[in-house]
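Here are my notes for you on the two ligand sites. Have the model open while you read.

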Amino acid sequence: MITINDIQSKTLTDLFEKYPFLPGFFEEHTLELNGNLDIKLVNYLDFLDEEEEQENRAMDKSQVLGSMCTYIDQMLAFLGEDEDDGVHSITLLPGTNKSGEAEQFGELTIKKSEIVCIVGPTGSGKSRLLADIEWVAQGDTPTSRSVLINGEAGDSKWRLNSGNKLVAQLSQNMNFVMDLTVYEFIELHAQSRLVEDIESVINKIFAQANDLAGEKFELSTPITSLSGGQSRALMIADTAILSKSPIVLIDEIENAGIDRKRALDLLVGEEKIVLMATHDPILALMGDKRIVIKNGGIHKVIETSDEEQNLLSDLERMDSVVQKMRNRLRQGEIIKKEDIGF
Amino acid sequence: MNLVTVSGPPSSGKTAVILKTIDSVQKRGLKVGVVKFDCLYTDDDILYEKAGVKVKKGLSGSLCPDHYFVSNIEEVTQWGLKEGLDLLITESAGLCNRCSPYIKTVTAVCVIDNLSGINTPKKIGPMLKTADIVIITKGDIVSQAEREVFASRVNTVNPGATIMHVNGLTGQGAYELSTLLYDDKVEVKTLVGEKLRFSMPSALCSYCLGETRIGESYQMGNVRKIDLGDKK
Ligand SMILES: Nc1nc2c(ncn2[C@@H]2O[C@H](COP(=O)(O)OP(=O)(O)OP(=O)(O)O)[C@@H](O)[C@H]2O)c(=O)[nH]1
Ligand SMILES: [Mg+2]
Ligand SMILES: [Zn+2]
Ligand SMILES: [Zn+2]
């Protein structure tokens, strides 16, 4: 634990060298850094003793110092985590459905790089399942389910640590809202994750996203002008590579402007646990298992059989027929029986 | 009775989050009431009433809504006790970025939304900086990366806070929030003698007192002048 005494008599120059992330704290607290940085922190903060500054900021020196210590501790902890501390598997232990009946599965373990689909009518309890995972339920949520991390009773650090969320989410109705180019956007995200080699991360994500997207885009393209498929591609590549969350929840991926198979491969290749809510048979069959939800509970867990998996190529053929027809319509052409081809 | 103050910029999702959270609290058999503070107008009381929640509203009119809040919070607390509430929630729109209605011993929740822009956390001031719990809403419509960046900005501004994502539409995260808002060991009987986390500037100038004429000779009291950089 860093204490106020550890930092207050160091100079800003020394502190920034020791804690390269610290200028971000000054920036967010609107503490200006355009003067001499060889001044001791405690002296730099002297201006906060003025009544007017205190009134404006509603914060005095000791509060700023205390807050800074907490921040430094958090960032050091964040940087100190390594792969081994990560999540290798999650295990769901049954609870009850809305009627209080026991859920119909023994125990379900999902490992890194596995894809598990979630199916069931809207309102059947998909969000609750997800929330249970995110909250690392210990029999203390409305479903009484428990969630184990790496086979052990969940660590509640996952519950309240905002920099360390267990689940990253991608869904159809998510949009980019920031006024940034693709480059600036990835850069900003990388900075917030305290990434060291930002350039190479930007290039990696950019290349992967373009690989997934049907139509190519540039680093200088504003993110708000990306097409639906391009946005999805960038979101998936960015989440796969930059998000620290070990679990990725996908809520449908529309089959337009993005290579869905490769998108899943990318997430799996980055060792994510992938949960996918979908009723699209092609996506569902790409999963290793699927969880069927009914009446607020897990009704059963189905393993994708070889027989089902063999259907995938037929389904993809049918899908491409429809896609081609769609393109023809767009071009103002006529659709014919031959287009169907079987 | 437990007391929780919820505040946040207009339309950030306070009512939506409170309603979803109340749902979970009521399922535990607890009686909840809400008092909404606003400036000129609010419909929120109707929303709460529809959900079967005991509700009162207070409009501050020409006063700073946060000043109005402190002047009335004891009365409101007594109302809650009289109604036999287990949990009383106050909702106030953070219209004055300088003041904030947080009381030292009362759980303070700040609600802000992902759409408000990444520079919002540093602009909001004490309402965000001194909250115990920060709820981020509208995560369902922005990208994962934007959510992460936004949350990290909030964390930088208030590293000590518990930061949670709650979806005001689906209620995702609201159950979890509800577990942080009620503690059966806490018993608020009165706020008399309790203290605000920060003093609220009085800001009493001649214009507060009804002056309408412009010009230095009409300005009295707490007057501050803009620095246009041409001081000699
Ligand atoms: N998409 C989305 N919309 C939300 C979410 N939370 C709230 N909203 C919507 O945002 C709008 C404002 O929400 P309110 O709960 O009324 O906001 P408020 O902070 O109480 O507003 P005031 O009391 O008027 O300051 C409503 O239309 C809500 O339905 C959310 O998580 N996602
Ligand atoms: Mg409201
Ligand atoms: Zn005010
Ligand atoms: Zn005035």
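1. First, a term: a polar contact is a pair of N or O atoms within 3.5 Å; within protein, one must be able to donate a hydrogen and the other to accept it, and residues adjacent in sequence count only if both atoms are side-chain atoms. Ligand 1 has an oxygen atom 2.8 Å from a polar backbone atom of Ala16(B). The side chain of Lys36(B) puts an N or O atom 2.7 Å from an oxygen atom of ligand 1, and for a backbone N or O atom of Lys138(B) the distance to a ligand 1 oxygen is 2.9 Å.

2. A housekeeping point: this is a predicted model, where local features need pLDDT of at least 70, side-chain atom pairs count only at pLDDT 80 or more, and totals for chains, interfaces and linings use all residues. Residues are numbered from 1 along each chain as its sequence is written, chains are lettered from A and ligands numbered from 1 in the order written, and side-chain values use heavy atoms, with hydrogens and water left out.

3. Now the magnesium ion (ligand 2). Its protein donors (N, O and S atoms within 2.8 Å of the metal, or 3.2 Å for Na, K and Ca; water is not among the atoms, so sites may look incomplete) are Thr15(B) through OG1, Asp44(B) through OD and Glu91(B) through OE, at 2.0 to 2.1 Å. Along the chain, their spacing reads T-x28-D-x46-E.

4. How buried are two of these? Thr15(B) counts as buried at 10% relative accessibility, and so does Glu91(B) at 1%. Buried means under 20% relative accessible area, exposed over 50%, and partly exposed in between (1.4 Å probe, protein chains only).
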